[in-house]
Amino acid sequence: MEKMIITAAICGAEVTKEDNPNLPITPRELAEEALKAEKAGASIIHVHVRDREGKPTQAHDVYQETLQAMKDIGVTAIVQPSTGGAVGMTFEERAQPVELKPEMATLDCGTTNFGDGVFVNDLPMMRQFAKKMKAYGILPELECFEPGHIYNALKLVKDGLLEGHLHFDIVLGVPGAMKASLKNLLFMVELLPQDATWTVAGVGRHELPLATHAILMGGHARVGFEDNIFYQKGVLADSNAQLVARIVRLAEELGREVATPDEAREILGIR
Ligand code: KMH
Ligand code: ZN
């Protein structure tokens with residue numbers, strides 16, 4: 001099996017400091033958290049940013065400050081800004097971090113219920129994101145919350161809007177969307193093109209079992225406060241690094257090597 005890429009989704013848009021006081025929010029906190037997660041074994045940092053009140057924002061300047069802080073502090077992992085932002089944001093708001101030309105960014109592959117809200121990603125919006133990312137040479141992480149989202153991504157491939165290596169993130173367990181289970185993971189992985197890579201993000205208590213399945217299946221895994229704030233039932237995680245370190249230990253026990261940032265770049269075809 002190829003080496004395993006561990007993504008740390010360190011902040012997200014929905015979690016608050018009230019949920020877990022260890023949540024990083026400011027550019028400096030995000031940079032320090034990213035470095036710790038990388039040192040623990042993460043080779044991708046998926047990042048959202050917040051405004052001064054801690055509310056989700058996609059502001060270009062805040063992303064710029066955060067990415068610069070990560071660089072200054074010595075983060076060498078692939079930094080992957082979100083283009084999903086938070087429910088209700090417009091395309092223009094969401095697309096701002098793309099202008100910073102990161103190595104990767106998320107590309108959400110379809111509309112889904114998201115808790116009480118609706119996370120809108122219609123095909124025209126997806127096309128706009130794909131075109132921008134293609135023009136800037138950004139590798140999209142194709143976020144699929146439902147099986148139909150995989151077909152939307154494949155339509156972008158057919159239409160020539162996605163080229164080169166395909167990397168999917170199968171997100172399972174968002175309230176209102178596809179349930180988190182091994183059966184559903186297997187089903188969705190079987191829909192992917194043969195040479196694509198995939199990672200799985202299980203929400204809440206599903207994070208750990210699905211990441212463990214990914215170790216065994218030859219997939220990759222995402223952990224972090226965006227998806228899960230607990231280390232164990234009733235015990236808050238003290239950092240994203242703690243969640244990453246557990247997957248590294250499990251991977252080692254199960255004979256799967258963990259990729260460094262440069263090895264992750266190679267696996268993903270990032271030049
Ligand atoms: N916050 C969710 C509504 C992404 O990062 O691209 C969307 C999200 C997906 O987190
Ligand atoms: Zn996200």
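Leaving aside neighbours within four places in sequence, which residues is His48 in contact with? In this predicted model, the partners of His48 are Cys11, Gly12, Ala13, Leu30, Tyr63, Ser82, Gly85 and Glu226. His48 sits in the loop between strand S2 (44-47) and strand S3 (49-50). The residue has 5% relative accessibility, under the 20% limit, and therefore counts as buried. Ala180 lies elsewhere: 132 residues separate His48 from Ala180 in sequence, and their C-alpha atoms are 23 Å apart in space.

The overall fold was considered next. The protein contains 14 strands and 9 helices. A compact globule of 271 residues would have a radius of gyration near 18 Å, and the value of 17 Å for the protein agrees with this. Along the principal axes, the C-alpha atoms fill a box of roughly 45 × 40 × 40 Å. Of the 271 residues, 55% are buried. Contacts between residues at least 6 apart in sequence were also examined; 73% of them join residues at least 24 apart.

The surface and the charges complete this overview. The accessible surface of the protein comes to about 11,700 Å². Carbon and sulfur atoms account for 52% of that area. There are 38 negative and 27 positive side chains. The centres of these two sets lie 2 Å apart.

In soluble globular proteins, nonpolar side chains tend to be buried together. In this model, the largest nonpolar core has 72 residues. The members that touch the most others are Ile10, Ile45, Met70, Leu107, Phe168 and Trp198. Met70 illustrates the packing. Not counting residues up to four places away in sequence, Met70 touches Ile10, Leu30, Ala31, Ala34, Ile45, Val47, Val75 and Val79. Ile10 and Ile45, among these partners, are also on the list of members with the most contacts within the core. A second core is separate and has 10 residues, including Ile78, Ala259, Ile267 and Ile270.

Asp169 is buried because its relative accessibility is 0%, under the 20% limit. Beyond its neighbours within four places in sequence, Asp169 is in contact with Glu141, Leu142, Glu143, Cys144, Thr199, Val200, Ala201 and Arg222. Ala201 is 32 residues away along the chain, yet the C-alpha atoms of Asp169 and Ala201 are separated by 6.9 Å.

Ala196 was examined in a loop. This residue is placed between helix H6 (182-190) and strand S11 (197-202). Its relative accessible area is 14%, so Ala196 also falls under the 20% limit and is buried. Phe168 is one of the residues that touch the most other members of the largest nonpolar core. Lys233 provides a contrasting pair. Ala196 and Lys233 are 37 residues apart along the chain, and 34 Å separates their C-alpha atoms.

Backbone geometry was noted at one further loop residue. Lys101 lies between helix H3 (91-94) and strand S6 (104-108). Lys101 is not a glycine, yet its phi is positive, at about 50°.

Terms used:
Residues are numbered from 1 along each chain as its sequence is written. Chains are lettered from A and ligands numbered from 1 in the order in which they are written. This is a predicted model: local features need pLDDT of at least 70, side-chain atom pairs count only at pLDDT 80 or more; totals for chains, interfaces and linings use all residues. Side-chain values use heavy atoms; hydrogens and water are left out. A nonpolar core is a set of buried Ala, Val, Leu, Ile, Met, Phe, Trp, Tyr and Cys residues joined through side-chain atoms within 4.5 Å. Buried means under 20% relative accessible area, exposed over 50%, partly exposed in between (1.4 Å probe, protein chains only). Contact means heavy atoms within 4.5 Å. Helices (H or I, at least four residues) and strands (E, at least two) are DSSP runs, numbered from the N terminus. The radius of gyration is taken over C-alpha atoms; the globule rule is 2.2 Å times the number of residues to the power 0.38. Accessible areas come from the Shrake-Rupley method with a 1.4 Å probe; for residues, only the protein chains shown count as cover. Lys and Arg count as positive and Asp and Glu as negative; His and the chain ends are not counted. The place of a charge is taken as NZ of Lys, CZ of Arg, CG of Asp or CD of Glu.
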